[in-house]
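Trainee: I would like to take a close look at a single part of this model. Please treat it in one connected account.

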Amino acid sequence: QSFVKYLFMMLTSWALVCDVYYLPPTRRLPNENAIAFANRVKSLIARKGGLVDLQWDGMIKRKKLSERIRQTLMDLERQHFLESSALPRNISHGNLSTLTSVL
């Protein structure tokens, strides 16, 4: 869907349901540089929210990704979904007959 449709949906929805987690304050370790500290905090946030902790520099939204990187990211998301879902483990990408029999 387009950004305008998404924005309209968000502005007209009556509620936005989300989980809020509060983490304890985190301070830099004595011999830790800023990048290592940021990666450590990012890892803590990802673990608490049940997200995949990926190493990336923020340019992923501004550059066109190569097909290999896109496929790797999709495989990671698919693996995370299958590990966290209640669906049977034998559902593979594109096997809709198994999926429709489950639903």
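Which backbone atom lies 3.0 Å from a polar atom of the side chain of Glu 32?

Mentor: In this predicted model, the backbone nitrogen of Leu 29 lies at that distance, 3.0 Å, from a polar atom of the Glu 32 side chain. Glu 32 itself is placed in the loop between H1 and helix H2, the latter spanning residues 34-49. Glu 32 counts as buried because its relative accessible area is 11%, under the 20% cut-off. The Glu 32 side chain also makes a polar contact of 2.9 Å with the side chain of Arg 40. This pair forms a salt bridge, with the closest N and O atoms 2.9 Å apart. In general, side chains of opposite charge can pair when their charged atoms come close. Arg 40, at 26% relative accessibility, is partly exposed, whereas Glu 32 is buried. If neighbours within four places in sequence are set aside, Glu 32 is in contact with Arg 27, Phe 37 and Arg 40.

Lys 42 and Asp 53 meet through their side chains at 2.5 Å, N to O. Lys 42 lies in helix H2 and Asp 53 in the loop between H2 and helix H3, so this pair ties together parts that are 11 residues apart in sequence. Lys 42 is partly exposed at 26%, and Asp 53 is partly exposed at 33%. The side chains of Arg 70 and Glu 67 form a salt bridge at 3.3 Å, N to O; both residues lie in helix H3, 3 residues apart, about one turn of the helix.

Key:
Residues numbered from 1 in each chain as written. Predicted model: local features only at pLDDT ≥ 70, side-chain atom pairs only at ≥ 80, totals over all residues. Heavy atoms only, no water. Helix = DSSP H or I, 4+ residues; strand = E, 2+ residues; numbered from the N terminus. Buried < 20%, exposed > 50% of the residue type's maximum accessible area, 1.4 Å probe, protein only. Polar contact = N/O pair within 3.5 Å; in protein donor to acceptor, adjacent residues only side chain to side chain. Contact = heavy atoms within 4.5 Å. Salt bridge = Lys/Arg side-chain N within 4 Å of Asp/Glu carboxyl O.
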